[in-house]
Amino acid sequence: LLWDHPERCPGLRAMRRLKPVTLAEYTIRTTSGRRITVSASYTPIQGTSSPSIWTLVVMRDIRLQKRWERELLHRAARDPLTGLPNRAVFFTAGARELTRAARHGRPFAVAMADLDGFKAYNDAHGHPAGDELLKAVAGALQAGVRATELIARYGGDEFIFLLPDTDTNGAMALATRLRRMVAEFPFARAQGNGPPPYPERAEAPAHVQAAGPVTLSIGVAVFPGDGTTMEALVAKADRRRFEAKQQGRNTI
(Lines give C-alpha, C1' and ligand atoms only; values in the text may rest on other atoms or scores of the structure.)
Protein backbone atom coordinates (compact mmCIF):
# COMPACT_ATOMS: atom_id res chain seq x y z
CA LEU A 1 0.00 0.00 0.00
CA LEU A 2 2.78 2.43 0.93
CA TRP A 3 4.74 1.58 -2.21
CA ASP A 4 1.66 2.47 -4.27
CA HIS A 5 1.38 5.75 -2.34
CA PRO A 6 4.99 6.75 -1.57
CA GLU A 7 4.02 10.30 -0.59
CA ARG A 8 2.66 8.82 2.64
CA CYS A 9 6.07 7.49 3.67
CA PRO A 10 9.12 9.78 3.77
CA GLY A 11 11.51 6.86 3.35
CA LEU A 12 9.81 5.60 0.21
CA ARG A 13 9.59 9.15 -1.09
CA ALA A 14 13.34 9.53 -0.68
CA MET A 15 13.97 6.23 -2.47
CA ARG A 16 11.61 7.00 -5.34
CA ARG A 17 13.05 10.46 -5.96
CA LEU A 18 16.64 9.66 -4.95
CA LYS A 19 16.57 12.83 -2.89
CA PRO A 20 16.98 13.08 0.88
CA VAL A 21 14.10 14.01 3.13
CA THR A 22 15.75 16.13 5.81
CA LEU A 23 12.92 16.49 8.30
CA ALA A 24 9.78 14.55 9.06
CA GLU A 25 7.93 14.52 12.39
CA TYR A 26 5.47 11.87 13.43
CA THR A 27 4.54 9.55 16.28
CA ILE A 28 5.68 5.93 16.47
CA ARG A 29 4.48 3.18 18.78
CA THR A 30 7.12 1.11 20.59
CA THR A 31 6.89 -2.62 21.24
CA SER A 32 5.76 -1.79 24.78
CA GLY A 33 2.88 0.27 23.42
CA ARG A 34 4.31 3.70 24.25
CA ARG A 35 3.86 6.49 21.74
CA ILE A 36 6.96 8.59 21.00
CA THR A 37 7.20 11.74 18.90
CA VAL A 38 10.26 11.56 16.65
CA SER A 39 12.06 13.69 14.12
CA ALA A 40 13.51 11.67 11.25
CA SER A 41 15.73 12.20 8.23
CA TYR A 42 16.00 9.87 5.22
CA THR A 43 18.98 9.65 2.90
CA PRO A 44 18.77 7.34 -0.18
CA ILE A 45 21.83 5.21 -0.92
CA GLN A 46 22.27 3.48 -4.27
CA GLY A 47 24.69 0.60 -4.63
CA THR A 48 27.57 1.02 -7.11
CA SER A 49 27.43 -2.56 -8.44
CA SER A 50 23.70 -3.23 -8.22
CA PRO A 51 20.47 -1.34 -8.82
CA SER A 52 19.42 -1.78 -5.20
CA ILE A 53 18.51 1.32 -3.23
CA TRP A 54 18.63 1.63 0.53
CA THR A 55 17.65 4.46 2.81
CA LEU A 56 19.63 5.61 5.81
CA VAL A 57 17.11 6.60 8.49
CA VAL A 58 18.09 8.68 11.51
CA MET A 59 15.43 9.14 14.19
CA ARG A 60 15.57 11.45 17.17
CA ASP A 61 13.27 11.38 20.19
CA ILE A 62 11.83 14.93 20.44
CA ARG A 63 9.30 14.46 23.26
CA LEU A 64 11.20 16.86 25.52
CA GLN A 65 11.45 19.44 22.73
CA LYS A 66 7.71 19.19 22.06
CA ARG A 67 7.00 19.60 25.76
CA TRP A 68 9.12 22.76 25.80
CA GLU A 69 7.31 24.06 22.70
CA ARG A 70 3.90 23.48 24.32
CA GLU A 71 5.09 25.25 27.46
CA LEU A 72 6.36 28.23 25.46
CA LEU A 73 3.06 28.46 23.56
CA HIS A 74 1.17 28.30 26.84
CA ARG A 75 3.30 31.05 28.35
CA ALA A 76 2.91 33.22 25.25
CA ALA A 77 -0.88 32.95 25.53
CA ARG A 78 -1.18 33.51 29.29
CA ASP A 79 -0.77 36.41 31.64
CA PRO A 80 2.13 35.36 33.90
CA LEU A 81 0.58 36.74 37.10
CA THR A 82 -3.04 35.59 36.97
CA GLY A 83 -2.78 32.70 34.54
CA LEU A 84 -5.65 34.15 32.51
CA PRO A 85 -5.47 34.44 28.71
CA ASN A 86 -3.73 37.64 27.66
CA ARG A 87 -4.88 40.48 25.42
CA ALA A 88 -3.56 38.86 22.22
CA VAL A 89 -5.60 35.72 22.88
CA PHE A 90 -8.68 37.84 23.54
CA PHE A 91 -8.42 39.68 20.21
CA THR A 92 -7.76 36.44 18.31
CA ALA A 93 -10.85 34.83 19.84
CA GLY A 94 -12.80 38.04 19.30
CA ALA A 95 -11.99 38.08 15.59
CA ARG A 96 -13.34 34.53 15.24
CA GLU A 97 -16.48 35.40 17.19
CA LEU A 98 -17.01 38.54 15.11
CA THR A 99 -16.91 36.51 11.90
CA ARG A 100 -19.29 33.90 13.30
CA ALA A 101 -21.74 36.47 14.67
CA ALA A 102 -21.79 38.44 11.43
CA ARG A 103 -22.37 35.28 9.37
CA HIS A 104 -25.26 34.03 11.51
CA GLY A 105 -26.73 37.37 12.53
CA ARG A 106 -26.10 36.75 16.23
CA PRO A 107 -25.16 39.27 18.93
CA PHE A 108 -22.17 39.02 21.21
CA ALA A 109 -20.93 41.28 23.96
CA VAL A 110 -17.65 42.68 25.24
CA ALA A 111 -17.32 43.78 28.86
CA MET A 112 -14.42 45.76 30.32
CA ALA A 113 -13.91 45.83 34.09
CA ASP A 114 -11.34 47.19 36.47
CA LEU A 115 -10.92 47.25 40.23
CA ASP A 116 -12.01 50.30 42.16
CA GLY A 117 -9.66 51.16 45.00
CA PHE A 118 -6.81 49.00 43.78
CA LYS A 119 -4.19 51.73 44.15
CA ALA A 120 -5.28 52.32 47.74
CA TYR A 121 -5.06 48.58 48.38
CA ASN A 122 -1.50 48.53 47.02
CA ASP A 123 -0.57 51.56 49.15
CA ALA A 124 -2.05 49.96 52.26
CA HIS A 125 -0.65 46.46 51.87
CA GLY A 126 2.19 46.63 49.35
CA HIS A 127 2.53 45.40 45.80
CA PRO A 128 2.99 41.70 46.66
CA ALA A 129 -0.38 41.79 48.43
CA GLY A 130 -1.81 43.63 45.43
CA ASP A 131 -0.57 40.85 43.17
CA GLU A 132 -2.22 38.27 45.43
CA LEU A 133 -5.46 40.23 45.27
CA LEU A 134 -5.34 40.32 41.47
CA LYS A 135 -4.78 36.57 41.33
CA ALA A 136 -7.62 35.89 43.76
CA VAL A 137 -10.06 38.17 41.94
CA ALA A 138 -9.03 36.69 38.59
CA GLY A 139 -9.81 33.22 39.93
CA ALA A 140 -13.19 34.36 41.21
CA LEU A 141 -14.07 36.02 37.90
CA GLN A 142 -12.97 32.93 35.97
CA ALA A 143 -15.27 30.82 38.11
CA GLY A 144 -18.12 33.24 37.45
CA VAL A 145 -18.24 32.85 33.66
CA ARG A 146 -19.45 29.96 31.51
CA ALA A 147 -17.09 27.65 29.62
CA THR A 148 -18.08 29.32 26.33
CA GLU A 149 -17.16 32.78 27.66
CA LEU A 150 -13.63 34.15 27.73
CA ILE A 151 -12.06 36.30 30.41
CA ALA A 152 -8.61 37.80 29.82
CA ARG A 153 -6.35 40.17 31.69
CA TYR A 154 -6.25 43.36 29.64
CA GLY A 155 -3.54 45.07 31.67
CA GLY A 156 -2.95 46.38 35.19
CA ASP A 157 -6.13 45.79 37.17
CA GLU A 158 -8.29 45.62 34.02
CA PHE A 159 -10.11 42.49 32.87
CA ILE A 160 -11.99 41.99 29.61
CA PHE A 161 -14.72 39.51 28.73
CA LEU A 162 -15.91 38.01 25.43
CA LEU A 163 -19.52 36.82 25.70
CA PRO A 164 -20.77 34.86 22.66
CA ASP A 165 -24.49 34.79 21.80
CA THR A 166 -25.16 37.46 24.41
CA ASP A 167 -27.40 40.48 23.97
CA THR A 168 -27.54 43.60 26.14
CA ASN A 169 -29.78 42.03 28.79
CA GLY A 170 -27.59 38.96 29.05
CA ALA A 171 -24.41 41.03 29.27
CA MET A 172 -25.88 43.26 31.97
CA ALA A 173 -27.02 40.23 33.96
CA LEU A 174 -23.54 38.70 33.87
CA ALA A 175 -21.87 42.02 34.70
CA THR A 176 -24.23 42.49 37.65
CA ARG A 177 -23.40 39.02 38.99
CA LEU A 178 -19.65 39.61 38.66
CA ARG A 179 -19.88 43.06 40.26
CA ARG A 180 -21.70 41.64 43.28
CA MET A 181 -19.30 38.72 43.52
CA VAL A 182 -16.26 40.99 43.80
CA ALA A 183 -17.99 43.44 46.17
CA GLU A 184 -18.71 40.56 48.54
CA PHE A 185 -15.35 38.88 48.06
CA PRO A 186 -13.71 38.36 51.51
CA PHE A 187 -10.19 39.17 50.28
CA ALA A 188 -11.17 42.44 48.63
CA ARG A 189 -10.93 44.60 51.73
CA ALA A 190 -8.36 47.35 52.03
CA GLN A 191 -8.15 47.15 55.82
CA GLY A 192 -7.66 44.39 58.38
CA ASN A 193 -5.66 42.06 56.13
CA GLY A 194 -2.58 41.51 58.27
CA PRO A 195 0.32 43.79 59.21
CA PRO A 196 1.10 46.93 57.20
CA PRO A 197 3.75 46.52 54.50
CA TYR A 198 5.73 49.50 55.73
CA PRO A 199 6.20 48.94 59.52
CA GLU A 200 8.57 51.89 59.75
CA ARG A 201 5.63 54.23 59.10
CA ALA A 202 3.76 55.18 62.26
CA GLU A 203 0.56 55.87 60.36
CA ALA A 204 -0.72 55.15 56.88
CA PRO A 205 -1.64 58.10 54.67
CA ALA A 206 -5.16 59.43 55.11
CA HIS A 207 -6.36 58.16 51.74
CA VAL A 208 -5.27 54.64 52.71
CA GLN A 209 -7.04 54.79 56.05
CA ALA A 210 -10.23 55.75 54.25
CA ALA A 211 -9.94 52.98 51.65
CA GLY A 212 -13.05 50.84 51.37
CA PRO A 213 -13.82 47.52 49.69
CA VAL A 214 -12.30 46.72 46.33
CA THR A 215 -15.11 46.67 43.78
CA LEU A 216 -15.64 46.51 40.01
CA SER A 217 -16.61 49.20 37.55
CA ILE A 218 -17.80 47.62 34.30
CA GLY A 219 -18.57 48.87 30.79
CA VAL A 220 -20.52 46.77 28.29
CA ALA A 221 -20.74 46.94 24.48
CA VAL A 222 -22.81 44.67 22.22
CA PHE A 223 -22.33 43.72 18.56
CA PRO A 224 -23.53 45.08 16.17
CA GLY A 225 -25.27 48.07 17.75
CA ASP A 226 -22.19 49.36 19.58
CA GLY A 227 -19.67 48.55 16.88
CA THR A 228 -18.86 46.21 14.03
CA THR A 229 -15.16 45.69 14.76
CA MET A 230 -13.42 44.36 17.85
CA GLU A 231 -11.51 47.61 18.22
CA ALA A 232 -14.76 49.64 18.19
CA LEU A 233 -16.46 47.33 20.69
CA VAL A 234 -13.52 47.37 23.08
CA ALA A 235 -13.26 51.17 22.83
CA LYS A 236 -16.98 51.54 23.56
CA ALA A 237 -16.83 49.16 26.54
CA ASP A 238 -13.78 51.03 27.84
CA ARG A 239 -15.54 54.42 27.58
CA ARG A 240 -18.54 53.02 29.43
CA ARG A 241 -16.26 51.59 32.11
CA PHE A 242 -14.86 55.09 32.60
CA GLU A 243 -18.41 56.46 32.82
CA ALA A 244 -19.16 53.88 35.53
CA LYS A 245 -16.15 55.21 37.45
CA GLN A 246 -17.43 58.77 37.07
CA GLN A 247 -20.88 57.75 38.31
CA GLY A 248 -19.57 56.55 41.66
CA ARG A 249 -17.83 53.20 40.99
CA ASN A 250 -19.10 49.71 41.80
CA THR A 251 -21.56 50.08 38.95
CA ILE A 252 -22.16 49.11 35.29
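Student: Why is Glu 149 called buried?
Tutor: Glu 149 has 8% relative accessibility, and buried means under 20% relative accessible area, with exposed being over 50% and partly exposed in between (1.4 Å probe, protein chains only). So 8% puts Glu 149 in the buried class. Keep in mind that this is a predicted model, where local features need pLDDT of at least 70, side-chain atom pairs count only at pLDDT 80 or more, and totals for chains, interfaces and linings use all residues. Residues are numbered from 1 along each chain as its sequence is written, and side-chain values use heavy atoms, leaving out hydrogens and water.

Student: What makes Arg 146 and Glu 149 a salt bridge?
Tutor: Their closest N and O atoms are 2.7 Å apart. A salt bridge needs a side-chain nitrogen of Lys or Arg within 4 Å of a carboxyl oxygen of Asp or Glu, so this pair passes.

Student: What makes Arg 241 and Glu 158 count as a salt bridge?
Tutor: The N to O distance there is 3.9 Å, so the pair still falls within the limit for a salt bridge. Arg 241 is in helix H8 and Glu 158 in strand E6 (residues 158-164), so parts 83 residues apart in sequence are tied together. Arg 241 is buried too, at 10% relative accessibility. There's a network here as well: salt bridges link Asp 114, Asp 116, Glu 158, Asp 238, Arg 241 and Lys 245.

Student: Why do the buried residues of H6 line one face of the helix?
Tutor: Let's list them: Ala 171, Leu 174, Ala 175, Leu 178, Arg 179, Val 182 and Ala 183. Seen down the axis of H6, they fall within an arc of 165°, so they line one face. That arc is taken from the directions from the helix axis to the C-beta atoms. An α-helix has 3.6 residues a turn, so residues three or four places apart point the same way.

Student: How long is H6, and what covers its buried residues?
Tutor: Helix H6 (residues 168-183) has 16 residues and reaches 22 Å from its first C-alpha to its last, close to the 22 Å expected at 1.5 Å a residue. The expected span is 1.5 Å times one less than the number of residues. The cover includes E4, helix H5 (127-143), E6 and strand E7 (215-223).

Student: Why are E1 and E3 said to stand at the edges of their sheet?
Tutor: The open sheet has three strands in the order E1-E2-E3, with antiparallel pairing. Strand E1 (21-29) and strand E3 (53-61) each have a single partner strand, so one side of each lacks a neighbour in the sheet. Neighbouring strands are turned by 35° against each other on average, direction ignored.

Student: How do you know that E1 and E2 pair?
Tutor: Two strands pair if DSSP finds at least two bridges between them. E1 and strand E2 (residues 35-46) have seven, in the antiparallel sense, so they qualify. For instance, Arg 29 has Arg 35 in E2 as its bridge partner.

Student: Which residues does Glu 25 touch?
Tutor: Leaving aside residues up to four places away in sequence, Glu 25 is in contact (heavy atoms within 4.5 Å) with Val 38, Ser 39, Ile 62 and Lys 66. Glu 25 is in strand E1 and is partly exposed, at 41% relative accessibility.

Student: What does the whole chain come to?
Tutor: The protein chain has eight helices and seven strands, and buried residues make up 39% of its 252 residues.

Conventions. Helices (H or I, at least four residues) and strands (E, at least two) are DSSP runs, numbered from the N terminus. Axes are lines fitted to C-alpha atoms, for helices over the stretch in contact, and angles run from 0 to 180 degrees between N-to-C directions.
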